[in-house]
Amino acid sequence: MFSIIKSAHYLFDKITHGRTLLRAPLCSLHYATLGHPSMCLGDKAQICGENKDVFSWTSSISGLVKQNRHQDAIDVFKLMLMNDQRLNYVTVLSVLRAVSALSMESMTSGIHGTIIKMGFELEVSVVTALIGAYANCDLLSAWKIFRDMPIKDLVMWSAMVSMSVKNGEYTKAIELFKQMLSEGIEPNAVTIVSILPACAKLQALPFGKEVHVFAMKSAFYTENNVQNSLIDMYAKCGHLNYAAQVFAAVQMRDLVTWKTMIRGLIENDYPRKALVVFSEMQQYLSTVDDAVLCDMIGASSDAEELIFGLGLHCCSIKSGSSRSISVGTTLMQMYSKFGLLDKARLLFDQLHPKDLISWSAMISAYAQNGYASDALGTFKQLQSANERPNEITFVSLLQACSLSGTQELGESIHGCVTKSGYLPNTFLASALIDLYCKFGRIKQGRAIFNDTPVKDLICWSSLIHGYGLNGRGDDTLETFSNMLDSGMLPNDVVFVSVLSACSHCGLEDDGWYWFYRMQEEYGIKPKLAHYACMVDLLSRQGNVQEALDFVYNMAVEPDKRIWGSLLAGCRATRGSVEVAEQVAKRLIALDPNNCSYYVFLSNLYAQEGRWDDVEKIEDNLRTQKHLSLPGSYEASTFTWKCISGITVSSWNAMEDFTSEAQRNYKNHVLPERAVTLLFSMNYRFLNYRDNISQACMKDQI
């Protein structure tokens, strides 16, 4: 503490005795802030003279801070000291806010010295602000000041909890919160909002529930920021049923409330339910910000609902958000995911100015769709535009090489990465490992892994996946074991790679062992991808009946991937006809427009001599050729024209997109549940008939 005070005194003396500051600009700034622009060129002696009292100086500093002109506020403060003005604690508080915003360690120490000289070191509000300033640049000093403070009020405790969370010290934040309670200080709304993210990060659901119970007993429970934080905490802990209950209880939902619930659904792999909540939101809010729009465009992609995505594009045109780089880039990514690369390119060409993220997204779009030459051509255009590629750009190029099988080009990109000095980057190292492993060059991939100085979870995951991809199950499990020994905790993606390797390599016992340990030891709830691996593992071993029983007992609703894995097992093993029939019917119910399922079922009946059933299927197929379901593009084209407020030029652009969609999907119509576009001046969109009830959030998650 003595060294801090000594340094503070030294800096304070240096500031107050230094005379190198040019006064004219600061004097002009001072009077301009006070609203006297006519005096900006007045007599400097009069402006900077002693006739200005501490209240005027403090008013100027405070005004600048409120305008986020933090450096100007500090300059006026220095000028105030040079004019031998004595500070009050309001001045100090204002300056500390400016210093904290700029994270100026030396200036913070100087203000600290000023506080000691002026005798404010026991003023709780001043010390709290000082801790906040140190929190951005010197955590040890912040903790030291906090511990040495004899009297701590609620604001100071809340500031320390918030500081701990912002700096990733989540366990310490919870300990502080408990200590505060033990000293008889009851938290307020700010404290609750500060501690809940720590519960989310640590997946500390029991403690989060305790905080919730405490909040429910308080007067501030109905405040939106408290309830929004609770929704976020439960969603991040993977308990959407609790999040939905809190959401349903919010009386006056603001944009943040809707946004938090929607993002929670998306992060927990419920994109369709996110679309439902968004549709409901349109009934209550007339405006949507770019962040929500981007989230919903991404959800449309994840849910494979192009119709909804087209509606969001229309919405962005109407609101003017389509000119935003973030929204435009997200739309590009959506169209590329649906294979409409020419439309993605059209959006890209219309973006002005283009940032590096949009360039990288376009390169990635080509890469992920197998157009390696176009990805490389776009990369050359990026260089011609004097944009310097970053790690993300190179990752996209490496993906292009990996997907298209252009090994030589991949090696060239590897050389560019090395020359650019990006090689220590773990994302690039992982992309290179993926590249070489997909080409079967395991030794090269392993060498890059070994040369990576800091191996994060992505690097380990890439190598584990690479071994599994090449059928080396034992090496997969050995690498996974080494990762655990290094202290690295696995996530759900790593377990997908491990379980997939066990499935493909016939390691049934190991697969079940890690499937159960994933839940019991690491607290990772199985997702559809994990269940798909286990269904595949059972099916490959010929245990299709056991696989079917496993599917029926899953904790989540099986999708096409799950039933598809089981169907593949039925085809490969020629197992039970009854099982194959059940699986095929399930797939037809999920995707009634996929003819391959009908063909499989027809062949199955033919093998069993069930010719009446074969004839029924053929009649069904002939009838279905002429069907146009409510979700079809023909129907939706008419519905689009009902959306109000779209200009002629904007509508023509949307017509082009829809026409292209018709050409690309002319033999496919969307499922019945893809239903109707709702329209109004508030551009309320499509809702799902099977999810429209208010109870959907509570009962179906």
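A crossing of two helices is called left-handed if the near helix is turned anticlockwise from the far one by less than a right angle. Keep that in mind for the helix pairs below. The model itself is predicted.

## The whole protein

The protein has 701 residues, and 50% of them count as buried. Its secondary structure comes to 40 helices and 0 strands. The protein exposes about 32,800 Å². Carbon and sulfur atoms supply 52% of that area. Now take contacts between residues at least 6 apart in sequence: 64% of them join residues at least 24 apart.

| Pair | Residues | Angle | Axis distance |
|---|---|---|---|
| α14 and α15 | 224-236 and 240-249 | about 165° | 7 Å |
| α15 and α16 | 240-249 and 255-267 | about 165° | 11 Å |
| α28 and α29 | 457-469 and 473-485 | roughly 165° | within 8 Å |

How do α14 and α15 run relative to each other, parallel or antiparallel? Angles over 145 degrees count as roughly antiparallel. The angle of α14 and α15 is about 165°, so the two helices are roughly antiparallel. Their crossing is left-handed. Which residues meet here? From α14 come Q227, L230, I231, Y234 and A235. From α15 come L240, Y242, A243, V246, F247 and A249. By class, this contact has 10 nonpolar residues, 1 polar residue and no charged ones.

Helix α15 also packs against α16. These two are therefore roughly antiparallel as well. The crossing of α15 and α16 is left-handed. On the α15 side, L240, A243, A244 and F247 take part. On the α16 side, the residues are T257, W258, M261, G264 and L265. This contact has 7 nonpolar and 2 polar residues, and no charged residues.

Compare the residue lists for α15. L240, A243 and F247 meet residues of α14, and L240, A243 and F247 meet residues of α16 too.

L457, W460, L463, I464, Y467 and G468 in α28 meet a set of residues in α29. That set is D475, T476, T479, F480, N482 and M483. The contact divides into 7 nonpolar, 4 polar and 1 charged residue.

A244 lies in helix α15. Is A244 buried or exposed? Residues under 20% relative accessible area count as buried. A244 has 3% relative accessibility, so it counts as buried. Y234 is 10 residues from A244 in sequence. In space, A244 and Y234 are 8.9 Å apart, C-alpha to C-alpha.

I524 sits in a loop instead, between α31 (508-520) and α32 (528-540). I524 is buried, with a relative accessible area of 13%. What does I524 touch, leaving out residues up to four places away in sequence? The answer is P490, N491, D492, F495, M518 and Q519. Take F495 as a case. I524 and F495 are 29 residues apart in sequence. Their C-alpha atoms are 9.3 Å apart in space.

## Backbone exceptions

Most residues other than glycine have a negative phi, and most peptide bonds are trans. Some places in this model depart from that pattern.

N68 is not a glycine, yet it has a positive phi of about 65°. Where is N68? It is in the loop between α4 (54-66) and α5 (70-82). N68 is exposed, with a relative accessible area of 58%.

D269 is not a glycine either, and its phi is positive, about 65°. D269 is found in the loop between α16 and α17 (271-281). At 48% relative accessibility, D269 counts as partly exposed.

The peptide bond between H352 and P353 is cis. Its omega is about -5°. P353 lies in the loop between α21 (341-350) and α22 (356-368).

Key
Residues numbered from 1 in each chain as written. Predicted model: local features only at pLDDT ≥ 70, side-chain atom pairs only at ≥ 80, totals over all residues. Heavy atoms only, no water. Axes fitted to C-alpha atoms, helices over the stretch in contact; angles between N-to-C directions. Helix = DSSP H or I, 4+ residues; strand = E, 2+ residues; numbered from the N terminus. Parallel < 35°, antiparallel > 145°, perpendicular 65-115°, else oblique. Contact = heavy atoms within 4.5 Å. Nonpolar A, V, L, I, M, F, W, Y, C, P; charged D, E, K, R; others polar. Buried < 20%, exposed > 50% of the residue type's maximum accessible area, 1.4 Å probe, protein only. Areas by Shrake-Rupley, 256 points an atom, 1.4 Å probe, with all protein chains shown as cover.
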